[in-house]
Amino acid sequence: MMYIHDVTTVLPEYRYTFDQSLPFYERWLESRSPSFRAKALDILKNAAIEQRHSIASGDVLFSTRTFEESNNLYREKAIILCAEVLEKALQKTGIDPQQIDYLITTSCTGFMIPSVDAYLINLLGLRNDVVRIPVTEIGCAAGAAGLIYADALLRGHPGGCAVVLSFEFPSNTIQLENWSWDNIVGTALFADGLACAIVRNDESASAEPRARIMATQMRHVPQTTHILGYNITNGGLAMTLDKSLPRVIEENFEAIVLPFLAQSGYTPEDIDHFLIHPGGVKIINAVEQVLAKFGKHAAESRDIMTQHGNMSSATILFILEKLMREKHPHGHTAFVLSFGPGFSADQLLLKWE
């Protein structure tokens, strides 16, 4: 039996409300026409994000930098902050670094070779035979995908332990010379954060409720590779966010979710908590419109989006951590779903035991 024992989150040091970010936005947009500036500022404001965190100050983020300079910052902060969140997670759960069998790291907002897991082995004293699985190209879905990988790997490893560590720094990918609406919307929605889940194949009794992974599935929507992702340009990672994305999610939601739940003998009405990667305001609105037909909502998802923004693959783990910390959901069920480039939908069914 695979259980998610705990989820730990860390936010980078720089924190901005919209009002604190506004001078940087205005300076960035000052060369555009009045109508363009007005529309862009409306998009930035209407993202409905109260605050967000970043690995760098606004002066750095909104300065002209090469792709190399941005990626060097990504690598530097990844090593420091990933070590911090993993150490914090191990301390919370009382797990020794030597007990970790699989180290799954997810990130799509930069590149580093060797991957960050190699540095974590050295810094935290993990075993030299730990299995490293760095995941990049799945984007926002990778947090849920990491849990699916952990579940699959541990099924043949009784007593085994897997770490899923998602770290994303999309604030560091702002394209100052890119005036596409995709770039404006991406700047409005995304923020930085790290999260670490501990997954174990462990049937022993526990005083604390643990989230048992009941079922998992990855689903792919054909002919949708164009609607979400990054284009690698000379200036860095340029966001692709097709305006059809909320519609595609709404149109495919029931066809993806209902058969998956039915395989385990559940209907949406049976699920206590829907934990959905929020994406943005339009996406979470579309999802909740479908859930309302079943008398359900995605309040935890909306709260994390409002409090921290879209942290790409780390977001779903932030949502899961919030539920586990605030609701203590003993005996409850949860449906977990993340969307990502491909276009893909990665889903899990959890039950707290």
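Predicted model: local features only at pLDDT ≥ 70, side-chain atom pairs only at ≥ 80, totals over all residues.

Colleague: Which residues of helix α5 are buried?

Modeller: The general idea concerns the helical repeat. An α-helix has 3.6 residues a turn, so residues three or four places apart point the same way. In α5, which spans residues 116-124, the buried residues are V116, D117, A118, L120, I121 and L124. The elements that cover them include α4 (67-93), β4 (102-106), β5 and β6 (161-168).

Colleague: In what sense do β1 and β8 pair, parallel or antiparallel?

Modeller: Strand β1 (residues 2-10) and strand β8 (residues 211-220) are antiparallel, with 2 bridges between them. Y3 stands opposite R212 in β8. The ring of Y3 also has a charged neighbour: R210 lies over its face, at 3.9 Å from the ring centre.

Colleague: How does one judge whether cysteines are bonded, and how many disulfides are there?

Modeller: One looks at the distance between sulfur atoms; a disulfide requires them to be within 2.5 Å. A search of the whole structure gives 0 disulfides. For C140, the nearest cysteine sulfur belongs to C108 and is 5.9 Å away. C140 is buried, its relative accessible area being 9%.

Colleague: Where does S312 lie, and is S312 buried or exposed?

Modeller: S312 is in the loop between α10 (299-308) and α11 (315-326). Residues count as buried under 20% relative accessible area; S312 has 2% relative accessibility, so S312 is buried. Leaving aside neighbours within four places in sequence, S312 is in contact with C108, G139, C140, E168, F190 and H277.

Colleague: How are aromatic pairs described, and how many does the structure hold?

Modeller: A pair of aromatic rings is described by the distance of the centres and the angle of the planes. The structure holds 14 such pairs. One of them joins F18 and Y25 in a tilted arrangement, with 6.1 Å from centre to centre and 40 degrees between the planes. Y25 is buried, at a relative accessible area of 4%. Another tilted pair, F260 and F335, has 6.1 Å between centres and 55 degrees between the planes. That pair links distant parts of the chain, since F260 is in helix α8 (residues 245-263) and F335 is in strand β12 (residues 333-340), 75 residues apart. Both F260 and F335 are buried.

Colleague: Which residues do the ring pairs link into a cluster?

Modeller: The cluster consists of Y16, F18, F24, Y25, W28, F36, F62, W179 and W181. Over the face of W181 lies K39, at 4.4 Å from the ring centre.

Conventions. Residues numbered from 1 in each chain as written. Heavy atoms only, no water. Pairing = 2+ DSSP bridges. Helix = DSSP H or I, 4+ residues; strand = E, 2+ residues; numbered from the N terminus. Buried < 20%, exposed > 50% of the residue type's maximum accessible area, 1.4 Å probe, protein only. Contact = heavy atoms within 4.5 Å. Phe/Tyr/Trp six-rings, centres within 6.5 Å; stacked < 30°, edge-to-face > 60°. Lys NZ or Arg CZ within 6 Å of the ring centre and 35° of its normal.
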